[in-house]
Amino acid sequence: MISTAYPTNSISIPSVSFSTSSLFPRIKVANFGHSRRNPCLKSSQHCCVSLAQSTMAKLQTKPSPAEVSRTIMELSSVGTLCTLTREGWPLGTGIPFAVDPQGLPILCLNAMNRDLSTDRRSSLHVQFEQSGIRSPQCILVGSLNKPEDNLLLKKLHEQWMKRFGEKVDEDLIYVVDVERLLHLEDSKEDGIWVTSLEYMNASPDPLRNYAEKIVNEMNANHMEDVHRFCNIYVDLGFEVAEAKMIWVDRLGFDVHLRSTQNNVYEVRIPFSREVADEKSVKSSLNCMSQLAWEVEKHFSAPDFEKVTHLKQISCSGN
């Protein structure tokens, strides 16, 4: 909650009021002047992440496909491994996996899984659900290999223990040596090929472990603010009937919105600067909410560039 001191004749400003007993602590992000004429006038100048201080168009607004794929692999633990049998047929099997520090999948294969042809080419398909709306996924293509180095096997076993909390026979541990990767933002969209070097050099998103909690909190308790984000920071040209945040990362957040004509769109709303941890993303959302309210009430001018790109997901005729 934004905590500020006002003169006795001032007005109250709504904001994203995060619960102190659940996900969000109280965060003081502004110190407003005591102007009797308009105590809200200078607030955006003090906001720690005021959107007026930078131009959205000049920022990297979303993580790369390689970063998103690394995040998917860190957050997921089950995928579909496709290999060739001795008879030459492709066989897909649901299988748990861990990842090493470079994002390479670590598998524990049983006797059935290891009944493969001498051709070790394989793929691992992993999908991650976001808010029950979007399903980003990646398909890692490479070769299934058995590490021979005992020290490496020990490290891979430690990664497996860290992910699942159980010991396995090190003789059953295999690794998919990734040659390239196909990233899909959603199951209905075309994929983007990523090289193994791009994938292994990318870092998973720093917000990944609490992004889902933040999104759920916003949709459950701050729907008015999600609507306001769309109306103020996006150049829409139509009235929003419903809006739902679907994911948040270090560079911004994604929203699905429905127009009064029942057309559904996806829009990316960036932060004014990159956030690195849970505290900074809460502070950014607080500041964006406050500034959006001021613009809506005409206490501040919208001196930032609005988002203009909307991706249509479905239309009323579908």
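Visitor: Does Glu266 count as buried or exposed?

Guide: Buried means under 20% relative accessible area, exposed means over 50%, and partly exposed lies in between (1.4 Å probe, protein chains only). Glu266 has a relative accessibility of 8% and therefore counts as buried. This is a predicted model, in which local features need pLDDT of at least 70 and side-chain atom pairs count only at pLDDT 80 or more, while totals for chains, interfaces and linings use all residues. Residues are numbered from 1 along each chain as its sequence is written, and side-chain values use heavy atoms, with hydrogens and water left out.

Visitor: Where is Glu266 found?

Guide: Helices (H or I, at least four residues) and strands (E, at least two) are DSSP runs, numbered from the N terminus. Glu266 belongs to strand 10, residues 264-270. The chain has 7 helices and 11 strands, and 47% of its 318 residues count as buried.

Visitor: With which side chain does the side chain of Glu266 make a polar contact?

Guide: A polar contact is a pair of N or O atoms within 3.5 Å; within protein, one must be able to donate a hydrogen and the other to accept it, and residues adjacent in sequence count only if both atoms are side-chain atoms. The side chain of Glu266 makes such a contact, at 2.9 Å, with the side chain of Arg134.

Visitor: Which residues does Glu266 touch?

Guide: Contact means heavy atoms within 4.5 Å. Apart from residues up to four places away in sequence, Glu266 touches Arg134, Ile246, Val255, His256, Leu310, Lys311 and Ile313. For the chain, take contacts between residues at least 6 apart in sequence: 66% of them join residues at least 24 apart.

Visitor: How far apart are Glu266 and Asp254 in sequence and in space?

Guide: They are separated by 12 residues in sequence and by 7.0 Å in space, C-alpha to C-alpha. Asp254 sits in strand 9, residues 252-259, and with 6% relative accessibility counts as buried. The side chain of Asp254 has a polar contact of 3.2 Å with that of Arg268. Beyond its neighbours within four places in sequence, Asp254 is in contact with residues including Arg134, Lys244, Trp247 and Val267.

Visitor: What is found in the loop between strand 9 and strand 10?

Guide: Asn262 is found there. Asn262 is not a glycine, yet has a positive phi of about 70°; its relative accessible area is 42%, so Asn262 is partly exposed. Ser131 is also not a glycine and has a positive phi, of about 55°. Ser131 lies in the loop between strand 4 (121-127) and strand 5 (137-145) and is partly exposed at 25% relative accessibility.

Visitor: Which residues in helix 6 are buried?

Guide: They are Asp225, Val226, Arg228, Phe229, Cys230, Ile232 and Tyr233. Elements that cover the buried residues of helix 6 include helix 5 (211-221), strand 8 (240-249), strand 9, strand 10 and helix 7.

Visitor: At what angle do the axes of helix 6 and helix 7 cross?

Guide: Axes are lines fitted to C-alpha atoms, for helices over the stretch in contact, and angles run from 0 to 180 degrees between N-to-C directions. The axes of helix 6 (residues 223-233) and helix 7 (residues 278-296) cross at roughly 60° and come within 9 Å. Angles under 35 degrees count as roughly parallel, over 145 as roughly antiparallel, 65 to 115 as roughly perpendicular and the rest as oblique. Helix 6 and helix 7 are therefore oblique to each other.

Visitor: Which residues in helix 6 meet helix 7?

Guide: Asp225, Arg228, Phe229, Ile232 and Tyr233 do so, and among the residues they meet in helix 7 are Leu285, Met288, Trp293 and Glu296.
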